[in-house]
Every structure is written in structure tokens, then in C-alpha cells.
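Please keep the sequence and the model in view while working through the numbered points.

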Amino acid sequence: MAHTLTAEPPANAAARQGSITLIRHGEPALSRKVLLNAEGYRNFWAQYEVLGLLPGQTPPTELVAIVAAAGSVISSTRLRSIESARALTGGDTFVRDPMLIEAPLPPPRLLAFVRLSPRIWGFMARFWWWFFNHHEGAETRRQAEGRADRAAARLIEATASGQDVAVIAHGFFNFMIGRALKRRGWKLAASQGYKYWSMRRFHRA
């Protein structure tokens, strides 16, 4: 059963608030070397959401060390995040939280003959979702921002005793959590961007 990692609080825990490290999962087992129309991309994204990792990946040693030092490790409930967390922890010693799943990516309704790569579809879908509220009945930007703010609040609460927290989740929703952390007075202390197996660490400003 999943559980929170335990760690002895440091002697100066009262004077120190832990850090929050947002980690993106590894590469999923789904090739992006295809051209798709809008409906094809909708099916592609549905597959992406349920598949795990491409076999044979080894997480960077830096991320393994960050996770090992964390007092609490949390992943989203998507399989690609769970498998990434297992690879980083060496087992199942982490919490799974559905609040951390990725924001939706419904593609804009272009004509069926328009065929694009998943990468371009992903950019367009996010653009339409972010700026034009194109959500097709799924979570809206405002709803996702509220979820990201609640996630940020939980993570901050988890650091209050001085322990560091590591989150293994998704590129864009991690970005949204980062925005929420900044609004709450946290600052970005280290960043590797948003590629697979990358991290962004936040400290209290």
C-alpha cells in the first residue's frame, strides 16, 4: 500500500521550511512520429493518458537523489507518473494523488484533412484551452487553476515541519502549480525546464 516516506525532522526544522520539487515524468510508451487529424489527436491523447513509460529508461541520478532526500514523495494517479515514481524511489514508497493529474488537451475542431504532429496539436490544444476556454465539457482553465492552487496549498502545508517534498507529475500542470506557488510567495530556485525527467525546485521567498 502506498504511504508517505518518513524522515526525522532536522534539528532546525522550526527555522526552516522545506522545499518543493516538481518533477515531470519520464517518456511515455507512445510514439509522436505520426501525423494526425483532430479526431486522431483526440484518440492519441486518450491513449497517452492511460499508458505507462517507454521501457528501458533510467531516471537521472540527480532526480533520484532529490527524491531520496525528500520527506514526502507524491505522484499523480496517471500510470506514467506512477511508474516514474517507482523508478525514482525504487519501489512504492510514495503517495498517489488524483489532484495532480494533467490538465486536459481537447484539440480545436479543424477540418479533417488537416494533419499535424502530436507536438503541434498539443501546442494548439493548450493555446485554445488557455486563451479561448476550449474545453469540450472537460476541466476549464479556471477550474484547473483552482485545482493547482489547492495542490500548492497542500504541498506548502507538507513542508511546514521542515521536510522537502518531491512531486512526480506532468509538464503543464506542474507549470500551473509553480504559478500558484509564486503567487503564495515562493520562488523558483532551480529549473531544468519541462522536458521528460526534469525538475523545478521552489523555496519560500
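1. Which residues point one way from strand 4, and which the other way? Val-165, Val-167 and Ala-169 point one way, Ala-166 and Ile-168 point the other way, and all are buried. Here "buried" means under 20% relative accessible area, with "exposed" over 50% and "partly exposed" in between, for a 1.4 Å probe and protein chains only. Strand 4 is thus described as mostly covered, with 5 of its 5 residues buried.

2. A word on the basis of this note. The model is predicted, and local features need pLDDT of at least 70, side-chain atom pairs count only at pLDDT 80 or more, and totals for chains, interfaces and linings use all residues. Residues are numbered from 1 along each chain as its sequence is written, and side-chain values use heavy atoms, with hydrogens and water left out.

3. The sheet comes next. Helices (H or I, at least four residues) and strands (E, at least two) are DSSP runs numbered from the N terminus, and two strands pair if DSSP finds at least two bridges between them. The model has an open sheet of 6 strands in the order 3-2-4-1-6-5, with mixed pairing. Strand 3 (95–96) and strand 5 (186–191) are at the edges with a single partner strand each, so one side of each has no neighbour in the sheet.

4. Strands of a sheet pair through backbone hydrogen bonds, either parallel or antiparallel. Strand 4 runs parallel to strand 1, joined to it by 5 bridges, and Leu-22 stands opposite Val-167 of strand 4. Strand 2 also pairs with strand 4 in the parallel sense, over 4 bridges; there the bridge partner of Ser-75 is Ile-168 of strand 4. By contrast, strand 5 and strand 6 (residues 199–204) pair in the antiparallel sense over 5 bridges, and Trp-186 stands opposite Arg-204 in strand 6.

5. Helix 2 (residues 61–69) lies across strand 1 (20–24), strand 2 (72–75), strand 4 (165–169) and strand 6, and runs at about 35° to strand 6. Axes are lines fitted to C-alpha atoms, for helices over the stretch in contact, and angles run from 0 to 180 degrees between N-to-C directions.

6. How do helix 5 and helix 6 cross, and at roughly what angle? The axes of helix 5 (residues 141–158) and helix 6 (residues 171–183) come within 8 Å and cross at roughly 65°. The two helices are therefore roughly perpendicular to each other; angles of 65 to 115 degrees count as such, those under 35 as roughly parallel, those over 145 as roughly antiparallel and the rest as oblique. The residues of this contact divide into 11 nonpolar, no polar and 5 charged. In this grouping Ala, Val, Leu, Ile, Met, Phe, Trp, Tyr, Cys and Pro count as nonpolar, Asp, Glu, Lys and Arg as charged, and the others, Gly among them, as polar.

7. Helix 4 (residues 118–132) packs with helix 6 at an angle of about 35°, their axes being 13 Å apart. Arg-126, Trp-129 and Trp-130 of helix 4 make this contact (heavy atoms within 4.5 Å) with Phe-172, Phe-175, Met-176 and Arg-179 of helix 6. The axes of helix 1 (residues 38–50) and helix 4 come within 11 Å and cross at roughly 90°, which makes helix 1 roughly perpendicular to helix 4. Ala-38, Tyr-41 and Phe-44 of helix 1 there meet Pro-118, Trp-121, Gly-122 and Ala-125 of helix 4, a set that divides into 6 nonpolar, 1 polar and no charged.

8. Ser-19 is found in the segment before strand 1 and is buried, with a relative accessible area of 6%. Leaving aside neighbours within four places in sequence, the contacts of Ser-19 include Thr-159, Val-165 and Trp-186. Thr-159 itself, in the loop between helix 5 and strand 4, is buried at a relative accessible area of 0%. Ser-117 lies in the loop between strand 3 and helix 4 and counts as buried at 18% relative accessibility. Not counting residues up to four places away in sequence, Ser-117 touches Val-34 and Leu-35.
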